[in-house]
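Me: I have a structure to go through and I'm new to it. Can we start with the ligand?
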Amino acid sequence: MIADKIIELKQELPSGVKLVAVSKFHPVEAIIEAYMAGQRVFAESRPQELERKVKALAAYEDIKWHFIGHLQTNKLKMVLPYVSLVESVDSIHLLEAIDYWGSLNSKVTDILLECHISDEETKQGFSYKEVEALLQSSRTFSNVRIRGLMGMADFTCDENIIRRDFQRLLDINDLLYAYTGISVNLPIPEQNPEVTVSGRDRLYEISMGMSEDYPIAVEMGATMVRIGSLIFGERQY
Ligand SMILES: *Cc1c(COP(=O)(O)O)cnc(C)c1O
């Protein structure tokens with residue numbers, strides 16, 4: 001049952017870790033069931049599907065929507081008006097486009113930089129070096145606020161590889177931290193007393209961990225986990 005899963009997860013996750021329910025490919029009724037169990041943050045990965053669900057669920061005013069899929073710049077108007085966070089900003093080009101859209105529409109968009117942390121070739125996102133270059137460029141984006149980082153580990157059962165991937169995201173967090181107050185639109189990172197990773201008492205939002213690997217992500221310092229199939233069951237594509 002969806003409601004049971006939500007309640008279980010909320011009990012299991014430390015209070016400093018936000019649960020993002022990934023509702024992509026699941027019907028509106030499933031979202032309502034999760035909502036009734038207290039869930040408020042949902043994530044979608046396709047612009048059209050997001051827009052449709054936002055409209056269908058307009059009565060549930062306190063739902064917060066995250067976007068987690070690849071976002072093409074010609075689809076911004078289907079996404080940016082509705083979301084509280086775009087977790088999947090995977091290129092400078094997209095960052096610039098969101099900033100420009102914001103200047104035309106008077107909206108400052110909170111975003112996460114999606115980072116390439118796995119060894120898989122196909123995964124999109126910023127590398128450590130690209131984030132470093134962005135920070136060094138001291139460019140400003142007045143309509144974008146960089147709240148933190150998102151990443152996906154390799155699809156593997158090998159815990160060592162998953163840990164190595166998540167560690168890469170934490171290393172990029174340290175990079176952001178080093179540039180706090182110096183560079184692009186970085187808010188001061190939140191203190192998260194529940195995070196026990198050595199030497200890190202301040203983290204930007206670290207969105208890592210999915211149905212299969214979230215316990216490791218939480219142990220390593222995730223502030224947000226994105227969980228789909230564990231809550232809603234297998235997706236019907
Ligand atoms: C689909 C998706 C998830 C959720 O995956 P599950 O394995 O179903 O929990 C998390 N993050 C991103 C970016 C996704 O696209």
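Me: Which residues surround the ligand?
Reply: Around the ligand are Val 22, Lys 24, Ile 68, Met 150, Met 152, Met 210, Ser 211, Arg 226, Ile 227, Gly 228, Ser 229 and Arg 235, each with a heavy atom within 4 Å of it. This is a predicted model, where local features need pLDDT of at least 70, side-chain atom pairs count only at pLDDT 80 or more, and totals for chains, interfaces and linings use all residues. Residues are numbered from 1 along each chain as its sequence is written, and side-chain values use heavy atoms, with hydrogens and water left out.

Me: How many of the shell residues are nonpolar, polar and charged?
Reply: The shell has 6 nonpolar, 3 polar and 3 charged residues.

Me: What lies 2.7 Å from an oxygen atom of the ligand?
Reply: A polar side-chain atom of Lys 24 does. An N or O atom in the side chain of Arg 235 is also 2.7 Å from a ligand oxygen atom. For Ser 229, a polar backbone atom is 2.8 Å from an oxygen atom of the ligand.

Me: How much of the ligand does the protein bury?
Reply: Taken alone, the ligand exposes 390 Å², and the protein buries 90% of that. These accessible areas come from the Shrake-Rupley method with a 1.4 Å probe.

Me: New topic. Where is Glu 51 found?
Reply: Glu 51 is in helix α3, residues 47-56 (helices are DSSP runs of H or I, at least four residues, numbered from the N terminus).

Me: And what is Glu 51 in contact with?
Reply: Leaving aside neighbours within four places in sequence, Glu 51 is in contact with Lys 77, Met 78 and Tyr 82, where contact means heavy atoms within 4.5 Å.

Note on methods
A polar contact is a pair of N or O atoms within 3.5 Å; within protein, one must be able to donate a hydrogen and the other to accept it, and residues adjacent in sequence count only if both atoms are side-chain atoms. Ala, Val, Leu, Ile, Met, Phe, Trp, Tyr, Cys and Pro count as nonpolar, Asp, Glu, Lys and Arg as charged, and the others, Gly among them, as polar. Helices (H or I, at least four residues) and strands (E, at least two) are DSSP runs, numbered from the N terminus.
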